[in-house]
Amino acid sequence: MTMKRSVHTAGLGLVLGLGLVPVAGEAMAQSCTQKIGAVLPISVDWGRPIAETAKFVVEQVNSVGGVAGCNIELVLRDDQTDPKVGVDAAKALVDIDQVPVLLGSVSSGVSMPILTSVTVPGKVMQMSCCSSSTAFTKLAEQGKTDGLWFRTFATSRVQAAVGAMVARDKGYKSVAILYKNDDWGQDIGKIVAANLEKLGIKVTAQVALNDAQPSYRAEVAEALAGQPEAVYLALYPTEGTAAVREWLSLGGTQNMIMANSLKSDDFRKNVGIEYLGNAVGTDTSSPRTPSAEAFVKRYVEKFGGQPNGPGLANSYDATMIALLAMQAAGKDAKGPQIAAMVAKVTDPKGTPVTADAAGFAEATKILAGGGTVLYQGATGNVKFDANGDVSAPAVVWSFTNEGTKEDTYIPLEEVDAFVASMK
Amino acid sequence: MIQSLADGILVGAVLSLGAIGLTMVMHMLRFANFAHAELLTIGAYAALVFDRVFQGVNATLGAKLAPLTLTGSLVVAMAIAMAITGASAVLIDRFVFRRVREKGGELSMVFASFGVALIVRNVIGLIFGLHTELYSKGIAFAVVVSRDPLLLIKPDQVFVLAATLVIMLVLHLVLSRTTLGYALRAVAENPSLAQVNGIPLKRMIVLIWVIGGGLAATAGIFYGLTNHLSPVMGRDLVLPIFAAAIVGGIGSIYGAALGGMIVGIASSLALLILPSGYSPSVPFLIILAVLLVRPNGLFGEVRA
């Protein structure tokens with residue numbers, strides 16, 4: 001007896017010590033607890049708010065009675081944006097905590113090994129707030145995700161499509177592409193090239209730039225050789241600055257199309273605003289809908305600041321949709337059953353529900369009555385395609401003397417129609 | 001093709017200058033100093049600070065010496081930066097390398113140099129921030145030398161090439177024609193024997209660091225002038241510079257100069273054959289190729 005109790009106490013101490021305290025519901029005491037897992041880079045400055053947002057959702061859901069009569073306990077683990085750490089964390093959550101749903105991660109490089117080596121073999125639903133690589137789409141197309149994979153972040157396809165759209169609207173006839181030689185850069189560079197060619201715009205060169213090269217002169221000279229009318233830049237500010245200065249000094253065009261990664265003050269200052277007059281950037285955006293504004297209001301009330309960090313609205317929706325799907329699947333449902341319910345809670349023909357405690361309670365009633373719901377979330381009406389991908393509205397921006405300004409807002413329908421026409 | 005060749009020579013000039021300092025230190029102090037490239041960073045940032053100071057004191061100094069982006073203030077700052085970098089090199093030797101030299105082996109020196117490189121890089125990052133800095137924000141436009149075949153050259157790079165050649169010539173004359181040069185070479189050949197002949201070893205070591213540091217500072221400033229400054233520029237440059245020194249043969253100034261050009265040209269021409277993204281592998285391929293044919297480098301001598 002004493003033995004048993006001390007083990008129990010030790011276990012409790014361990015749980016407290018690791019900070020894995022269940023997010024307690026205040027309104028109703030529940031007789032049971034259902035765990036869900038999250039693997040997020042909470043040791044990174046921008047990762048912490050993403051996790052806090054997920055916790056906020058769990059709190060709200062618990063305040064209206066939790067899921068299927070059980071209190072939800074979010075077991076949160078850090079991945080340090082390191083695939084090895086992330087996989088270990090996910091393994092522990094799936095094998096030891098037996099979670100049916102795993103939220104995460106942010107970096108595609110972490111989410112991917114978790115998906116292929118932990119959640120798919122373990123038959124656990126994985127919902128990521130922030131991974132954008134199209135490698136997931138390919139995996140899903142090959143049927144290797146078993147329908148267990150979802151993400152609330154638009155793929156690189158959206159930005160690449162808008163980049164090509166800008167080139168078309170500006171009337172450029174030939175474009176050279178400079179891309180960062182990593183997963184993200186190769187991905188977006190390849191898609192932009194395909195889109196441009198589809199639009200009948202000549203791609204004169206696709207040049208990869210490595211990190212930490214002492215000089216980009218040779219690469220830039222290669223891109224210049226085709227004498228393009230414009231240049232597409234899928235680069236980060238460090239190599240972007242070096243390459244663009246070299247590009248301009250060798251007489252390259254000032255017609256530039258930039259990915260969102262160059263939305264940087266360092267880049268603007270070091271290249272010089274006088275050379276960036278014809279440079280336009282692309283980015284994905286939150287929709288201009290009442291549900292997105294409601295999220296911002298709720299977030300400010302809770303945390304006392306604007307949700308400016310990356311992936312916050314996406315994390316909110318990922319968590320809420322996962323919980324709604326669990327609610328639809330009922331008590332003790334397993335990963336595949338829950339994943340199958342995602343369509344039921346994001347049904348365009350369903351009854352619209354808001355993304356808060358009241359909305360969750362309403363959804364509970366509708367689902368219990370056999371109906372379907374349309375979740376109106378922080379990123380708008382979330383709609384997953386067959387591969388678990390979502391789309392997003394986009395913005396076109398440009399540099400000003402002080403920073404950046406938004407030039408045009410491209411609504412979701414227009415983005416989707418354009419992406420579809422590129423296939 | 002012509003453009004790639006010209007680019008390679010112009011980029012190679014900076015590598016040559018860095019490699020000359022490295023090869024001297026490596027030959028005379030007998031260890032591979034992986035912290036050498038950090039001396040370039042120290043020099044470049046020291047010049048940045050004094051360039052800004054002089055421009056603040058006297059605005060006319062900030063005027064560009066057309067067609068270069070080089071300013072009068074930067075020229076003066078360069079002299080001070082060379083002195084500061086030389087002094088830093090001596091201090092690093094005094095506090096780290098000398099102690100390791102007395103107690104540890106050659107390998108300990110190499111590890112110590114890695115440690116020094118990390119410390120210098122991060123201290124500079126702490127002071128100046130990790131972002132890119134520039135001596136002059138304006139973009140130096142390339143001059144069209146010929147339309148067909150297309151050849152574009154930046155005036156700054158021609159200046160760097162010319163200055164490098166002059167520095168190499170001066171160094172050669174000092175080493176081959178002066179008593180000081182003989183003393184330095186004697187230390188390199190055999191430190192004990194040189195000491196027996198009345199050459200003050202400690203003073204010679206200080207001198208080697210001052211010269212090596214000064215050359216590194218010049219290379220760093222020239223790199224900053226034609227590219228940009230960042231706390232990790234040493235890390236980015238260390239491999240090409242080592243490749244240049246090894247290809248040229250350790251201890252050979254002309255070898256290092258030629259090695260720099262070879263690495264520069266090869267990286268530039270490589271893009272004609274290799275897909276972009278593979279160019280960082282070129283310096284290693286050159287090291288392999290040269291060492292297979294000439295194990296001591298192009299100009300290196302067998303040393304007992």
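## A residue of chain B

Leu239(B) lies in helix α9 of chain B; helices (H or I, at least four residues) and strands (E, at least two) are DSSP runs, numbered from the N terminus. Leu239(B) counts as partly exposed because it has 18 C-beta neighbours inside 10 Å. A residue is buried if 20 or more other C-beta atoms lie within 10 Å of its own, exposed if 12 or fewer, and partly exposed in between, with C-beta atoms placed from the backbone. Val187(B) is 52 residues from Leu239(B) along the chain, and their C-alpha atoms are separated by 27 Å.

The model is predicted: local features need pLDDT of at least 70, side-chain atom pairs count only at pLDDT 80 or more, and totals for chains, interfaces and linings use all residues. Residues are numbered from 1 along each chain as its sequence is written, while chains are lettered from A and ligands numbered from 1 in the order in which they are written.

## Contact between the chains

Chain B places 28 residues in contact with 25 residues of chain A (contact: C-beta atoms, placed from the backbone, within 7 Å). On the chain B side, the elements giving two or more residues are α1 (2–29), α9 (233–248) and α10 (253–273). By class this side has 12 nonpolar, 11 polar and five charged residues. Ala, Val, Leu, Ile, Met, Phe, Trp, Tyr, Cys and Pro count as nonpolar, Asp, Glu, Lys and Arg as charged, and the others, Gly among them, as polar.

Helix α8 (residues 217–224) of chain A packs with α10(B) at an angle of about 35°, and their axes are 9 Å apart. Axes are lines fitted to C-alpha atoms, for helices over the stretch in contact, and angles run from 0 to 180 degrees between N-to-C directions. Ala218(A), Glu219(A) and Glu222(A) of α8(A) meet Ser267(B), Ser268(B) and Leu271(B) of α10(B). This contact has two nonpolar, two polar and two charged residues.

## Domains of chain A

Chain A is divided into domain 1 (20–153 + 311–381) and domain 2 (157–286 + 393–421), with bounds from an automatic or database domain assignment. Seven residues from domain 1 and seven residues from domain 2 make the contact. On the domain 1 side, one residue is nonpolar, six are polar and none is charged. The C-alpha centres of the two domains lie 34 Å apart.

## Helix α2 of chain A

The 17 residues of α2(A) should span 24 Å at 1.5 Å a residue, which agrees with the 25 Å between its end C-alpha atoms; the expected span is 1.5 Å times one less than the number of residues. As 12 of the 17 residues are buried, α2(A) is largely enclosed by the rest of the structure. Among the buried residues are Gly47(A), Phe56(A) and Asn62(A). Their cover includes β1 (32–40), β2 (70–78), β3 (101–104), α11 (290–303), α12 and α14 (357–368) of chain A. Gly65(A), which follows α2(A), has a positive phi near 105°.

Helix α2 (residues 47–63) packs with helix α12 (residues 312–329) of chain A at about 35°, with the axes 8 Å apart. The contact includes Val57(A) and Val61(A) of α2(A) and Tyr316(A) and Leu323(A) of α12(A). By class it has 10 nonpolar, three polar and no charged residues.

## Helix α7 of chain A

Helix α7 (residues 183–198) of chain A has 16 residues and reaches 23 Å from its first C-alpha to its last, close to the expected 22 Å. Its buried residues include Asp187(A), Ile191(A) and Leu196(A). Elements covering the buried residues include α6 (156–170), β6 (174–180), β7 (202–209) and β8 (230–234) of chain A. Just after α7(A), Gly200(A) takes a positive phi of about 80°.

Technical notes:
Contact = placed C-beta atoms within 7 Å.
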